[in-house]
Amino acid sequence: MSHYFCHDHPETLTLETEVLEARPGKVVLAQSPFYPGGGGQPADRGALRWEHGEAAVTGFEYANGKLWHLLAGSAEPSGTVEAVVDPGFRRTMRRLHTDTHILNAFIYQTFDGALVTGVQMYEDGTARMDFDVPGADNDRIRALEAPINDIIAQDVALSFGYVPLEEAQAQHGLIRSRSVAPPPTSDGLIRIVEIVGLDRQACGGTHLTGTGGSPPIRILKIDNKGRHNRRVRIGLAAQ
Ligand SMILES: [Zn+2]
């Protein structure tokens, strides 16, 4: 169950939907515009509104195949609700997530198919990515800032599709993480995110539809984490 409404409707941040199940402080919705987190991208935040109330959405929890929306307080709304994603938070995550793909593409190409060993995005507009790049010269990593910002400036389109899991596993480089692949959807397909002409990889997060939606980035810091791993921190430039 990783085919999200936000994949098909990335611009829909406010959605009128029905409560299917409720407990004090949590609900299951018929449709959810929220990204529930995963792959280094924190979960969306936002709010639920209903006729006589409102509560912040503070997190998500899966139980028996259902996605529970956790609410601040102990309200137990029913019927029709309006689900509202925090737009600023989502925009920051879409930008950062797209930029981590661009960084990842250049590391992969520059360092002989180097894979990702970890990634985490933060609300402050920074992200860190860990790569398995034995013996990499940190100056060569630092030098990628300019080509990354060229791709952003060119506003390269992104496209999204699905392939069967076996096909994704058979194609070298499509699953870019060394440890984890995004889980297949309930129909056995895996989502592919392409920065047209630059990079294709399996991913279940939220992204821009063109790289130009991001401000330029800076490579803030490169740390050596053991003999093989480099931790690269990037940040969105202030606009
Ligand atoms: Zn992604």
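Q: How are the donor residues of the zinc ion spaced in sequence?
A: The spacing reads H-x3-H-x101-C-x3-H. Keep in mind that this is a predicted model.

Q: OK, which residues are those donors, and which atoms do they use?
A: H97, H101 and H207 each use NE2, while C203 uses SG. These protein donors lie 2.0 to 2.1 Å from the zinc ion.

Q: What arrangement do the four donor atoms make around the zinc ion?
A: It's tetrahedral, because the donor atoms subtend angles of 97 to 122°. For that label, all angles must lie between 85 and 135 degrees.

Q: And what's the ideal angle for four tetrahedral donors?
A: That would be 109.5 degrees.

Q: Are C203 and H207 buried or exposed?
A: Both C203 and H207 are buried. C203 has 11% relative accessibility, so C203 falls under the 20% cut-off.

Q: Switching to cysteines. How many disulfides are there?
A: The count comes to zero.

Q: Where's the nearest cysteine sulfur to C6, then?
A: That sulfur belongs to C203 and is 11 Å away. A disulfide needs the two sulfur atoms within 2.5 Å, so C6 is in no disulfide.

Q: New topic: the largest nonpolar core. Which of its residues touch the most other members?
A: I102, L103, I107, F131 and I148 do. This core has 33 residues.

Q: Which helices and strands each supply at least two residues of it?
A: Helix 2 (87–110) and helix 4 (145–153) do. So do strands 7 (115–121), 8 (126–132), 10 (189–195), 12 (217–225) and 13 (229–236). Helix 2 gives the largest share, with eight residues.

Q: What is L103 in contact with, leaving aside neighbours within four places in sequence?
A: L103 is in contact with M129, F131, I148, V232 and I234.

Q: What about another core? How many residues does that have?
A: There is another core apart from the largest one, with 15 residues. L48, F60, L67 and L71 are among them.

Q: Last one. Where does S78 sit?
A: S78 is in the loop between strand 5 (66–71) and strand 6 (80–85).

Q: Buried or exposed?
A: S78 is exposed, because its relative accessibility is 59%, and the cut-off for exposed is over 50%.

Q: How far apart are S78 and E51 in space?
A: They are 9.7 Å apart, C-alpha to C-alpha. In sequence, S78 and E51 are 27 residues apart.

Technical notes:
Residues are numbered from 1 along each chain as its sequence is written. This is a predicted model: local features need pLDDT of at least 70, side-chain atom pairs count only at pLDDT 80 or more; totals for chains, interfaces and linings use all residues. Side-chain values use heavy atoms; hydrogens and water are left out. A nonpolar core is a set of buried Ala, Val, Leu, Ile, Met, Phe, Trp, Tyr and Cys residues joined through side-chain atoms within 4.5 Å. Buried means under 20% relative accessible area, exposed over 50%, partly exposed in between (1.4 Å probe, protein chains only). Helices (H or I, at least four residues) and strands (E, at least two) are DSSP runs, numbered from the N terminus. Contact means heavy atoms within 4.5 Å. Donors are N, O and S atoms within 2.8 Å of the metal (3.2 Å for Na, K and Ca); water is not among the atoms, so sites may look incomplete. Four donors count as tetrahedral if all angles lie between 85 and 135 degrees; four count as square planar and six as octahedral if opposite donors are over 155 degrees apart and all others between 65 and 115; anything else is irregular.
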